[in-house]
Amino acid sequence: MTRMIKRFILLGLVVAIASAAWLYHFTTQPLHLSSGSHDLVIEHGSSLRAISRQMVDEKLLAEPWSFMLLVRLSGQASSIQAGNYRLEQGMTPLDLFRMITAGDTVQSSITFIEGWNFRQMRDALNRHESIRHLSMPMSDAEILQRIGASETHPEGLFFPDSYFFGSGMSDLDILQRAYQTMQIKLNRAWQTRDNG
(Lines give C-alpha, C1' and ligand atoms only; values in the text may rest on other atoms or scores of the structure.)
Protein backbone atom coordinates (compact mmCIF):
# COMPACT_ATOMS: atom_id res chain seq x y z
CA MET A 1 0.00 0.00 0.00
CA THR A 2 2.81 2.36 0.92
CA ARG A 3 4.61 1.50 -2.33
CA MET A 4 1.45 2.39 -4.31
CA ILE A 5 1.16 5.79 -2.56
CA LYS A 6 4.82 6.52 -3.29
CA ARG A 7 4.26 5.70 -6.97
CA PHE A 8 1.27 8.04 -7.15
CA ILE A 9 3.24 10.82 -5.47
CA LEU A 10 6.18 10.24 -7.83
CA LEU A 11 3.87 10.18 -10.86
CA GLY A 12 2.19 13.40 -9.69
CA LEU A 13 5.58 15.03 -9.23
CA VAL A 14 6.73 13.99 -12.73
CA VAL A 15 3.48 15.33 -14.27
CA ALA A 16 3.81 18.63 -12.36
CA ILE A 17 7.43 19.10 -13.45
CA ALA A 18 6.62 18.21 -17.06
CA SER A 19 3.65 20.63 -17.05
CA ALA A 20 5.76 23.43 -15.57
CA ALA A 21 8.50 22.81 -18.16
CA TRP A 22 5.96 22.85 -21.00
CA LEU A 23 4.32 26.05 -19.70
CA TYR A 24 7.72 27.73 -19.38
CA HIS A 25 8.61 26.67 -22.93
CA PHE A 26 5.24 27.93 -24.23
CA THR A 27 5.41 31.33 -22.50
CA THR A 28 8.95 32.12 -23.69
CA GLN A 29 8.65 31.13 -27.38
CA PRO A 30 7.92 34.02 -29.80
CA LEU A 31 4.45 34.28 -31.30
CA HIS A 32 4.01 33.26 -34.94
CA LEU A 33 3.89 36.65 -36.68
CA SER A 34 3.96 36.36 -40.46
CA SER A 35 5.03 40.01 -40.81
CA GLY A 36 6.77 42.52 -38.55
CA SER A 37 3.59 43.28 -36.61
CA HIS A 38 0.02 42.08 -36.20
CA ASP A 39 -3.15 43.90 -35.11
CA LEU A 40 -5.25 41.85 -32.71
CA VAL A 41 -8.79 43.06 -32.01
CA ILE A 42 -10.48 41.67 -28.91
CA GLU A 43 -14.21 42.32 -28.97
CA HIS A 44 -16.25 43.27 -25.92
CA GLY A 45 -17.72 40.24 -24.18
CA SER A 46 -15.29 37.73 -25.71
CA SER A 47 -14.62 34.70 -23.49
CA LEU A 48 -11.12 33.37 -22.79
CA ARG A 49 -11.94 30.34 -24.94
CA ALA A 50 -13.07 32.56 -27.85
CA ILE A 51 -9.98 34.79 -27.55
CA SER A 52 -7.65 31.78 -27.49
CA ARG A 53 -9.43 30.27 -30.51
CA GLN A 54 -9.17 33.63 -32.31
CA MET A 55 -5.38 33.64 -31.76
CA VAL A 56 -5.19 30.19 -33.34
CA ASP A 57 -7.39 31.30 -36.26
CA GLU A 58 -5.11 34.30 -36.80
CA LYS A 59 -2.12 31.91 -36.70
CA LEU A 60 -0.54 33.54 -33.64
CA LEU A 61 -0.67 30.30 -31.64
CA ALA A 62 -0.53 26.66 -32.73
CA GLU A 63 -3.23 25.58 -30.24
CA PRO A 64 -5.47 27.38 -27.70
CA TRP A 65 -5.10 25.26 -24.57
CA SER A 66 -1.68 26.42 -23.38
CA PHE A 67 -2.71 30.08 -23.45
CA MET A 68 -5.96 29.25 -21.65
CA LEU A 69 -3.95 27.38 -18.99
CA LEU A 70 -1.55 30.32 -18.59
CA VAL A 71 -4.42 32.76 -18.02
CA ARG A 72 -6.35 30.40 -15.72
CA LEU A 73 -3.29 29.70 -13.56
CA SER A 74 -2.69 33.43 -13.18
CA GLY A 75 -6.25 33.94 -11.93
CA GLN A 76 -6.72 36.87 -14.31
CA ALA A 77 -9.22 35.49 -16.83
CA SER A 78 -11.67 38.26 -15.90
CA SER A 79 -8.96 40.94 -16.34
CA ILE A 80 -8.69 40.58 -20.14
CA GLN A 81 -9.70 43.88 -21.72
CA ALA A 82 -11.29 44.46 -25.11
CA GLY A 83 -9.44 46.68 -27.55
CA ASN A 84 -7.03 46.97 -30.47
CA TYR A 85 -3.59 45.52 -29.71
CA ARG A 86 -0.44 45.91 -31.79
CA LEU A 87 1.77 42.79 -31.55
CA GLU A 88 5.41 43.21 -32.52
CA GLN A 89 8.01 40.71 -33.71
CA GLY A 90 9.63 38.79 -30.84
CA MET A 91 6.64 39.01 -28.50
CA THR A 92 5.93 35.89 -26.47
CA PRO A 93 2.58 34.53 -25.19
CA LEU A 94 3.58 35.89 -21.77
CA ASP A 95 4.07 39.38 -23.27
CA LEU A 96 0.69 39.09 -24.97
CA PHE A 97 -0.97 37.97 -21.74
CA ARG A 98 0.46 40.96 -19.88
CA MET A 99 -0.60 43.32 -22.68
CA ILE A 100 -4.26 42.23 -22.83
CA THR A 101 -4.71 42.13 -19.05
CA ALA A 102 -3.14 45.59 -18.68
CA GLY A 103 -5.31 46.98 -21.50
CA ASP A 104 -2.28 48.30 -23.39
CA THR A 105 -4.34 49.11 -26.49
CA VAL A 106 -3.64 51.07 -29.65
CA GLN A 107 -5.96 54.00 -30.18
CA SER A 108 -7.91 54.68 -33.36
CA SER A 109 -9.03 58.07 -34.59
CA ILE A 110 -11.67 59.71 -36.71
CA THR A 111 -11.58 63.21 -38.16
CA PHE A 112 -14.57 65.48 -38.73
CA ILE A 113 -13.57 67.93 -41.46
CA GLU A 114 -14.50 71.58 -41.09
CA GLY A 115 -17.45 72.30 -43.37
CA TRP A 116 -18.91 68.80 -43.17
CA ASN A 117 -22.64 68.53 -42.60
CA PHE A 118 -24.10 66.06 -40.13
CA ARG A 119 -24.85 63.47 -42.82
CA GLN A 120 -21.16 63.41 -43.78
CA MET A 121 -20.16 62.93 -40.14
CA ARG A 122 -22.58 60.03 -39.79
CA ASP A 123 -21.26 58.46 -43.00
CA ALA A 124 -17.67 58.66 -41.70
CA LEU A 125 -18.71 57.07 -38.39
CA ASN A 126 -20.63 54.30 -40.16
CA ARG A 127 -17.62 53.43 -42.35
CA HIS A 128 -15.15 53.25 -39.46
CA GLU A 129 -14.47 49.61 -38.54
CA SER A 130 -13.27 50.24 -34.96
CA ILE A 131 -16.46 52.01 -33.86
CA ARG A 132 -19.55 50.33 -32.40
CA HIS A 133 -22.41 51.47 -34.61
CA LEU A 134 -25.36 52.23 -32.33
CA SER A 135 -26.76 55.27 -34.15
CA MET A 136 -27.40 53.68 -37.56
CA PRO A 137 -31.14 53.05 -37.02
CA MET A 138 -31.65 56.39 -35.24
CA SER A 139 -32.96 59.64 -36.63
CA ASP A 140 -30.96 62.84 -36.15
CA ALA A 141 -33.38 63.92 -33.42
CA GLU A 142 -32.96 60.60 -31.57
CA ILE A 143 -29.18 60.97 -31.70
CA LEU A 144 -29.35 64.48 -30.27
CA GLN A 145 -31.56 63.24 -27.47
CA ARG A 146 -29.21 60.33 -26.69
CA ILE A 147 -26.12 62.57 -26.44
CA GLY A 148 -27.88 65.06 -24.17
CA ALA A 149 -28.24 67.90 -26.69
CA SER A 150 -31.12 70.31 -26.15
CA GLU A 151 -31.14 71.44 -29.79
CA THR A 152 -33.48 69.91 -32.37
CA HIS A 153 -31.29 70.23 -35.50
CA PRO A 154 -27.73 68.80 -35.63
CA GLU A 155 -26.04 71.16 -38.08
CA GLY A 156 -23.22 73.21 -36.53
CA LEU A 157 -23.33 71.42 -33.16
CA PHE A 158 -20.20 69.25 -33.54
CA PHE A 159 -16.66 70.60 -33.37
CA PRO A 160 -14.54 69.63 -36.40
CA ASP A 161 -11.43 67.90 -35.09
CA SER A 162 -9.67 64.51 -34.81
CA TYR A 163 -11.04 62.33 -32.02
CA PHE A 164 -8.97 59.46 -30.60
CA PHE A 165 -10.62 56.45 -28.99
CA GLY A 166 -10.08 52.88 -27.90
CA SER A 167 -11.77 49.90 -29.48
CA GLY A 168 -15.39 49.43 -28.53
CA MET A 169 -16.27 53.09 -28.28
CA SER A 170 -19.62 53.83 -29.90
CA ASP A 171 -20.50 56.44 -32.49
CA LEU A 172 -22.75 58.05 -29.87
CA ASP A 173 -19.79 58.43 -27.49
CA ILE A 174 -17.75 60.17 -30.20
CA LEU A 175 -20.62 62.45 -31.21
CA GLN A 176 -21.16 63.36 -27.57
CA ARG A 177 -17.48 64.32 -27.25
CA ALA A 178 -17.65 66.42 -30.43
CA TYR A 179 -20.85 68.10 -29.17
CA GLN A 180 -19.36 68.82 -25.73
CA THR A 181 -16.16 70.16 -27.31
CA MET A 182 -18.24 72.57 -29.41
CA GLN A 183 -20.15 73.73 -26.31
CA ILE A 184 -16.86 74.42 -24.48
CA LYS A 185 -15.47 76.36 -27.45
CA LEU A 186 -18.65 78.41 -27.78
CA ASN A 187 -18.75 79.20 -24.05
CA ARG A 188 -15.12 80.37 -24.11
CA ALA A 189 -15.76 82.51 -27.16
CA TRP A 190 -18.84 84.01 -25.51
CA GLN A 191 -16.93 84.84 -22.29
CA THR A 192 -14.11 86.58 -24.19
CA ARG A 193 -16.37 88.51 -26.61
CA ASP A 194 -16.14 92.29 -26.99
CA ASN A 195 -18.67 94.23 -24.95
CA GLY A 196 -20.10 95.78 -28.09
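Reply: Start with the pocket. In this predicted model, the largest share of the lining of the largest pocket, three residues, comes from helix H1 (residues 2-28).

Me: What volume does the largest pocket have?

Reply: Rolling a probe the size of a water molecule over the atoms shows where empty space is left. Here the largest pocket has a volume of about 170 Å³. Its lining includes Trp-22, His-25, Leu-60 and Pro-93.

Me: Which classes of residue make up that lining?

Reply: Eight are nonpolar, three polar and one charged.

Me: Now the charges. How many salt bridges are there?

Reply: Side chains of opposite charge can pair when their charged atoms come close. The count here is three. Take Arg-86 and Asp-39: their closest N and O atoms are 2.3 Å apart. Arg-86 sits in strand E2 (residues 83-88) and Asp-39 in strand E1 (residues 37-42), so the pair ties together parts 47 residues apart in sequence.

Me: Which salt bridge has about one helical turn between its partners?

Reply: Arg-119 with Asp-123, at 3.5 Å from N to O. They are four residues apart in helix H5 (residues 118-127), which means a separation of about one helical turn.

Me: And what does Asp-140 pair with?

Reply: Arg-122, with the closest N and O atoms 2.9 Å apart. This pair links distant parts of the chain, with Asp-140 in helix H6 (residues 140-146) and Arg-122 in helix H5, 18 residues apart.

Me: Is Arg-122 buried or exposed?

Reply: Buried, because its relative accessible area is 13%, and the cut-off for buried is under 20%. Asp-140, at 31%, is partly exposed.

Terms used:
Residues numbered from 1 in each chain as written. Predicted model: local features only at pLDDT ≥ 70, side-chain atom pairs only at ≥ 80, totals over all residues. Heavy atoms only, no water. 1 Å grid on protein atoms, 1.4 Å probe; cavity = no way out; pocket = protein on both sides within 12 Å on 5 of 7 lines; lining within 4 Å. Points joined across faces, edges and corners; volume = space filled by probe spheres on them. Helix = DSSP H or I, 4+ residues; strand = E, 2+ residues; numbered from the N terminus. Nonpolar A, V, L, I, M, F, W, Y, C, P; charged D, E, K, R; others polar. Salt bridge = Lys/Arg side-chain N within 4 Å of Asp/Glu carboxyl O. Buried < 20%, exposed > 50% of the residue type's maximum accessible area, 1.4 Å probe, protein only.
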